[in-house]
Amino acid sequence: MVLVQTAMENSEQKAKTAETLLEIRNLKTYFKINGSIVKAVDNVSLKIINGEILGLIGETGCGKSVLGLSILRLLPENAKIEGNLLFRGKEILSLSKAEMRKLRGKEIVLIPQNPSTSLNPLMQIGCQVLEAVIRHHNLKKSEAVSKVLDLFSKLKLQEPPRKFRDFPHQLSGGMKQRVLMAMGVACNPKLIIVDEPTKGLDAVLRIEVVRMLKETASAAGTSMLLITHDFSVAAALAHRIAVMYAGEIVEMGKTAAVLRNPRHPYTAGLLNSLPGKGFNPIPGSSPSIISLPEGCRFHPRCSRANMKCTASHPELVKLNDDHFVRCFNVCF
Amino acid sequence: MLLYISKRLAATVLVIVAASMLTFLILNLIPGVTPIMILKYAFIGLEEVPNDSEIATIIERFNLNDPLYKQYFRWLMEVLGGNLGTSYVYGLPVSTLLLSKLPATVLLAATSTVFSLVISIPLGIVSAINRNTLIDHFCRLGSLFFVSMPNFWLGLILIIIFSLKLDLFPVTGYGKLEHLVLPCLTLGSGMAAVTTRVMRSSMLEVLNQDYIITARAKGLSETIVIFRHAVRNALLPVITVAGLQFGHLLGGSVIVETVFSWPGVGKLLVDSILARDIPLIQGCILLIATAYALINLFVDLFYALLDPKIRYGRGL
């Protein structure tokens, strides 16, 4: 119940300017691995409007991080991206490399997962944030340094001048996460892609990180793509939720609606597997995206599956004005 | 830090003692009767056959009938007293001989190492960045070629091409820059081949790290990502390998020194082994082991300078 209440509040706070910031149309990200093609992201369409936080939920390996990296075109060379990525009406996929670099870190920012491996071990953390500031602002070095120190104190990193000179191994996981956040918000981006911000953090730190993300988003009206496997984080932050399974979006809607009335059996299963709801895991494990099952990709694990589910692949259908689901036997 | 260095130095002493002990034992296992070899090389000439009284004189003079441990400890005590002994063959103090040969070896080792690094680091970077392209294949093929090529053969080929045909550099000799070129090329190219491969694979590994994605996500240019973020991290394993190679060369590169008649420690060692010049052999081994161990220590300290995790962690 607590989940649903916070979600309701979020929806009400939702920004009034309903201008589309990012529109993803039929995005396909395929990898060529040893001659075979792996469809990590398969025909995903979604929109993020100004000031909105969209929670992208799914298990490990469902393609949610690849989706995030596709937006910034930061995937290795064997990845092939198709479809449309419209950022403020401009097609990201047709930008030149130099234009792309202007976008990265300035307009669209990534707060990567794994804080422990996402900072350069040989570089003072202050310099790593400074780099981002200097790259996108025409600031003198001393001004940029004071901006970084300012960010550090805003994010409650104690003794900013000393922290500035620390190396990553001298920081705890939570502090590294904050440094990455400082890096992310340094240039007042329009969109922040937050990849698993609470992965591997203990409960206290998780609350702290969620609070900081919330403050960041509401202070600057920044939009966020919140990639997570943790429903409670999504519930606390996201205005809308998209659930991803095996490279596809299986359900998408307002946070409160999805949490209160999950329509897709997978979403329902995920919610039932939460500790607060009895810890009932979904049987089986998510399929390898190298060999996907025929028909509905979820049918081998689905209690509602029938003949139709094994034979044909369901489309994402609109249930009501803002709720979409990809299932033949929608839960009610 | 001081504690660490003194621990390492203590370990170094143990290594040196063990190395000298092993050498001493092995000398008595290899074919050839020690007193006869000493006689032939130092006194009567290789073609002559020594008679029994000559052999008996040598055995008595150098105490060769004493048990091995006695011989070894006599040598060890002398060394601890600061005296490396006198060469049987040359009749000169071992320390004098070593010091006269050391500069040539150090010069060759240092220039070869520098040459190999100057070649291999850029090649490794270029190769990794252009992975699986023509440039990369070319670099890999080239390094495989130079790794597989025996030093003495490459040395001879270089002599044929650059000395005999083109008359650019002298065949042998020591003292001028032009004498250094061919031995340095011979040694350096083999080393560069190894370090290029290490640098390439280390770069590839680093480029796959999360912090490289972070750097790119900041909008940094590829040049900055490569040189500020990737190369420094990728250099760590290269430094280890280059350090080991350098330490190895300080012991004298026997074959290359022989091919080019380079007056270094390696050639001195081979000659002394042939003559069973025990004090000189032991002296060479002492020098080689010490150099190797010290270089290793130096590499570790240098590593700490580069890697903050080692610099501040583990209570150094």
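Predicted model: local features only at pLDDT ≥ 70, side-chain atom pairs only at ≥ 80, totals over all residues.
Residues are numbered from 1 along each chain as its sequence is written, and chains are lettered from A and ligands numbered from 1 in the order in which they are written.

B:Gln245 sits in helix α10 of chain B, where helices (H or I, at least four residues) and strands (E, at least two) are DSSP runs numbered from the N terminus. Leaving aside neighbours within four places in sequence, B:Gln245 is in contact with B:Thr113 and B:Met191, a contact being a pair of residues whose C-beta atoms, placed from the backbone, lie within 7 Å. Although B:Gln245 and B:Thr113 are 132 residues apart in sequence, their C-alpha atoms are 7.6 Å apart in space.

### Chain B as a whole

Chain B has 14 helices and zero strands, and its C-alpha trace spans about 85 × 60 × 30 Å along its principal axes. Of its 316 residues, 36% count as buried. Among the contacts in chain B with a separation of 6 or more, 70% come from residues 24 or more positions apart.

Where does chain B touch chain A? In the contact between the chains, 21 residues of chain B meet 24 residues of chain A, and the elements of chain B that give two or more residues to this side are α9 (210–217), α10 (222–250) and α14 (308–312). The largest share, seven residues, comes from α9(B). By class, this side of chain B has eight nonpolar, seven polar and six charged residues; here Ala, Val, Leu, Ile, Met, Phe, Trp, Tyr, Cys and Pro count as nonpolar, Asp, Glu, Lys and Arg as charged, and the others, Gly among them, as polar.

Two packed helices are described by the angle between their axes and the distance between the axes.

The crossing of α5(B) and α8(B) is right-handed, and that of α12(B) and α13(B) is left-handed; a crossing is left-handed if the near helix is turned anticlockwise from the far one by less than a right angle, and right-handed if clockwise. The contact of α12(B) with α13(B) has eight nonpolar, one polar and no charged residues.

B:Arg200 is found in helix α8 of chain B, and B:Arg200 counts as buried because it has 25 C-beta neighbours inside 10 Å. Beyond the neighbours within four places in sequence, B:Arg200 is in contact with B:Gly124, B:Ser127 and B:Ala128.

Helix α5 (residues 141–154) of chain A has 14 residues and reaches 20 Å from its first C-alpha to its last, close to the 20 Å expected at 1.5 Å a residue, where the expected span is 1.5 Å times one less than the number of residues. Its buried residues are A:Ala144, A:Val145, A:Val148, A:Leu151 and A:Phe152. Why do the buried residues of α5(A) line one face of the helix? Seen down the axis of α5(A), they fall within an arc of 120°, so they line one face, the arc being that of the directions from the helix axis to the C-beta atoms. Their cover includes α4 (125–136), α6 (160–164) and α7 (173–185) of chain A.

Most residues other than glycine have a negative phi. A:Arg88, in the loop between β4 (79–87) and β5 (90–91) of chain A, has a positive phi of about 50° although it is not a glycine, and A:Arg88 counts as partly exposed because it has 15 C-beta neighbours inside 10 Å. A:Glu196, in the loop between β7 (191–195) and α8 (203–220) of chain A, has a positive phi near 45°, and A:Glu196 counts as buried, with 22 C-beta neighbours inside 10 Å.

Conventions:
Buried ≥ 20, exposed ≤ 12 C-beta atoms within 10 Å, placed from the backbone. Contact = placed C-beta atoms within 7 Å.
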